[in-house]
Structures are given as structure tokens and as C-alpha cells.
Amino acid sequence: MCFTNFRCFKSKKLKLMNYNETIEGILKGSRKHLAKAISLLESYREDDLLIAQNLLDELMPSTGKSYRIGITGIPGVGKSTFIEAFGEEILKFEPKKKIAVITIDPSSPKRGGSILGDKVRMNSLSRHENVFVRPSPSKGEQGGGALKTYETCLLMEAAGYDIIIIETLGVGQSEYKVGQMVDAFLLLHMPATGDELQGMKRGILELVDLLIINKCDGKLEHEGKLNKKIFEQVFHLSATKKKWSPPVLLASSKEKEGVGVVWQELKKFLLHQKKTRDFQKKRENQALECFNQQLIFKLNKKIREKETKLLSYEAIQEKIKNGLLCPSKAAQIVLENLMKA
Ligand SMILES: Nc1nc2c(ncn2[C@@H]2O[C@H](COP(=O)(O)OP(=O)(O)OP(=O)(O)O)[C@@H](O)[C@H]2O)c(=O)[nH]1
Ligand SMILES: [Mg+2]
């Protein structure tokens, strides 16, 4: 049952794209219809977003059945190369699985689109008939980037994808946001990148479920083994707080070595999560968090759109920056004006 705004049914665009055909197409696993729905979701236009919202709402009963996996690590650590090897490894043992990959690209501040959208990547994996690779613009926080990634996951689930892999940018807030929207979060580390723990963002280590030391080939192999001991000690020391101590694995994505072990260990983790019911609890919290974020995002957007009667949003911001208006009083004024409007 669709509870959302029915105004969108009058949209010309909706008639053109054929709403029912799109829903049926997605449920049958059509890439064309899935891609169209994701584009609507990523759009800045209000009418597109309303259609995407309604589509997703109708598809909700068919979502939730995948494993959502986040992959992070500094730029150049080998995330894309790893995902390609990892995906191929999964399909070797479980050929019926359907894998979707979302790569988050830095967005162009001017155009709002994806800068690297046209870059050819994961060439061999993306050619597989059971694989769907989709670059997604990060759109910054104001564009609600992470929220769109979450909903893209839901659309992919409705299209029957069993495993959804999200490659983060590896820098900034989006990395943490992805870490908080997946079932399992994998961190790729590269040996010989200086002081291991100083260089590593501590907060990320707390979100990690599996740590993979990549590029363990050639000259870096020995260093990789030394790094493994350091990370194992770190996880051992913090193990009392967590039910699961993240395994530290050595891999070479380029040589496709050690990648199969990652899949085996990941399955153990997911099974452990399901047994302890942490899997379901985490999903419920994530869905509620997405709702809260959407509410804040939509409220913020509305406030920006509606010029307050007393002061414009920009003028209020200016006064706050110059210390002429107290932030809580400012928020009160904006909210009151919004209610009146
Ligand atoms: N020697 C070696 N090189 C690797 C390995 N994995 C990736 N590389 C190389 O590292 C470089 C960066 O790899 P990517 O897979 O693009 O890294 P990434 O983390 O996805 O990079 P960004 O998306 O730009 O953050 C490429 O030249 C890869 O060939 C590995 O296991 N061993
Ligand atoms: Mg990459």
C-alpha cells in the first residue's frame, strides 16, 4: 500500500515512463528499469524524487533480503581491484548469486554529478550477467548523498541482488555514513603507509568487522605480515567491548590471492550476527536512522525554500556567524516562521 503523496501520479513524466511497467521490470530484475529508478532517486528535481519515493514505497515488501557490504580504505589502497577479485571469487563458488556494486564518486561541486562517472572500472566483473555496477555521485551532505546510497540499496534488493557492495570514497564523512548503513564493514589497508595506527582514523577501526591488508605481494608482503600482528593486537585489546573480534587477513587483489578467505570469513561474521540477532537489530536501527535523517534533510530543505517572514535564512546565518544572534534562538525563529507558513 502506498501511503505517500499521490500528486505524483499526475506527473507527465510518470505517465511517460509507465509506472507499473517500471515496478514489474525491477521485480523481474531488469537493469534498464533499475537504472531508471536510481536516476530518479539521484535527481535534484522534486517531481523526480516524488516518483522515486513512490516506486520505492511500493517495492518495500521485496527489499531487505541481501547482504550489504561496505568497503573502505584510503584512495589507491585497491578497493576497486579488490571488489573485482572478490565478486569473481563469490561467483566462482556461488554462480547463482546476483551482485550489485555501488561506487561512490566525488561529486562535481558545480554540476552536482559524478566526476568519475565515465571512468571505466571493474571491467571484467561488470560484464558478468549477474553483476550490476553503478557509480553514484556523493553529492555532499546537502544533497543527502548517504541517504540516496541507502535507498539505492533498497532498489537493488527489490531487483533481486543478493549481495550489495558499496565502495566508499575513503575520505570524509561519507565513509562513516556507509559504515553505519551496512551489515558488514571491511577496511582495506596497505602495508608501508607509515605508522599504522597514527595514520589510521581511530573511529573507523571501531566500525570495522574485517580488516584486509591488501597488496601483500612482491616487496610489500613482509611488511604486510608485520602489520597483521599490530592490528591483531589492537583488536585483541579492544575485544572485551565487542562480541566479535575482527579477523585480520592478508590479500593481494592483483594476484587474486587471499580473496576467497575473505568471503569465507565474511560469511562466518554474517552468520554470527544472525545467530546473536544483532543483524536484525542493526537493520532496524539503520532504517529508523534513515527516517530521522530524511526528516532532518527534508525539514532543512523546506526551511531554505521558504523565506521566513522576519528574516531570510541567509540573513539569519549571517547574524549567527557574526555573533549577533544566539543559535538556539535563531532555530526557534526559523521553526516558528515555518509553522506559520
Ligand atoms: N601490487 C598490487 N597492486 C594493487 C593491488 N590492488 C590494487 N593495486 C593497484 O593499486 C592501484 C589502485 O587500485 P584501485 O583498485 O583503483 O584503488 P582504489 O582504492 O579503488 O582507488 P580509489 O577508488 O581511487 O580510491 C592500481 O594501480 C591497482 O592496480 C594489489 O593487491 N597488489
Ligand atoms: Mg576505486
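The structure is a predicted model, in which local features need a pLDDT of at least 70 and side-chain atom pairs count only at pLDDT 80 or more, while totals for chains, interfaces and linings use all residues. Residues are numbered from 1 along each chain as its sequence is written, chains are lettered from A and ligands numbered from 1 in the order in which they are written, and side-chain values use heavy atoms, with hydrogens and water left out. The protein has 15 helices and 7 strands; these elements are DSSP runs numbered from the N terminus, with helices (H or I) of at least four residues and strands (E) of at least two.

**Overall build**

- Of the 341 residues, 47% count as buried, where buried means under 20% relative accessible area, exposed means over 50%, and partly exposed lies in between (1.4 Å probe, protein chains only).
- Among contacts between residues at least 6 apart in sequence, 77% join residues at least 24 apart; a contact means heavy atoms within 4.5 Å.
- The protein exposes about 18200 Å², of which carbon and sulfur atoms supply 56%; accessible areas come from the Shrake-Rupley method with a 1.4 Å probe, and for residues only the protein chains shown count as cover.

**Confidence**

- The average pLDDT (the predictor's confidence in each residue, from 0 to 100) is 84, and 82% of the residues score at least 70.
- Confidence is highest in strand E7 (residues 248-250), at a mean of 97, and lowest in helix H9 (residues 196-199), at 53.

- Strand E5 (residues 184-189) is mostly covered, with 6 of its 6 residues buried.
- In a regular strand the side chains alternate between the two faces of the sheet.
- From E5, Ala184, Leu186 and Leu188 point one way, and Phe185, Leu187 and His189 point the other way.
- E5 pairs in the parallel sense with strand E1 (residues 67-72) over 4 bridges, and two strands count as paired if DSSP finds at least two bridges between them.
- E5 also pairs in the parallel sense with strand E6 (residues 210-213), over 4 bridges.
- Leu186 of E5 stands opposite Ile71 and also opposite Leu210 in E6.

**A buried threonine and a nonpolar patch**

- Thr152 lies in helix H7 (residues 145-158) and is buried at 1% relative accessibility.
- Not counting residues up to four places away in sequence, Thr152 touches Ile38, Leu41 and Ile102.
- Leu288, Phe291 and Leu295 make a nonpolar surface patch of about 320 Å².
- Patches are made of residues with over 30% relative accessible area and no salt bridge; like charges are joined within 9 Å, and nonpolar side chains (Val, Leu, Ile, Met, Phe, Trp, Tyr) within 5 Å.
- Leu288 belongs to helix H13 (residues 278-305) and is exposed, with a relative accessible area of 53%.

**Backbone angles**

- Most residues other than glycine have a negative phi, and most peptide bonds are trans.
- Lys215 has a positive phi, near 60°; this residue lies in the loop between E6 and helix H11 (220-237) and is partly exposed at 27% relative accessibility.
- Arg277 has a positive phi of about 65°; this residue is found in the loop between helix H12 (259-275) and H13 and is exposed at 57% relative accessibility.

**Salt bridges**

- A search of the whole structure finds 14 salt bridges, each being a side-chain nitrogen of Lys or Arg within 4 Å of a carboxyl oxygen of Asp or Glu.
- Lys267 forms a salt bridge with Glu94, the closest N and O atoms being 3.0 Å apart.
- That pair links Lys267 in helix H12 to Glu94 in the loop between helix H5 (79-93) and strand E2 (99-105), 173 residues apart.
- Arg283 and Asp183 meet in a salt bridge (2.6 Å, N to O).
- Arg283 lies in helix H13 and Asp183 in the loop between helix H8 (173-179) and E5, so the pair ties together parts 100 residues apart in sequence.
- Arg283 and Asp183 are both buried.
- Asp278 forms a salt bridge with Lys281, with the closest N and O atoms 3.5 Å apart, and both lie in helix H13, 3 residues apart, about one turn of the helix.
- Asp278 is buried at 16% relative accessibility, whereas Lys281 is partly exposed at 45%.
- Glu94, Lys97 and Lys267 are joined into one network by salt bridges that share partners.
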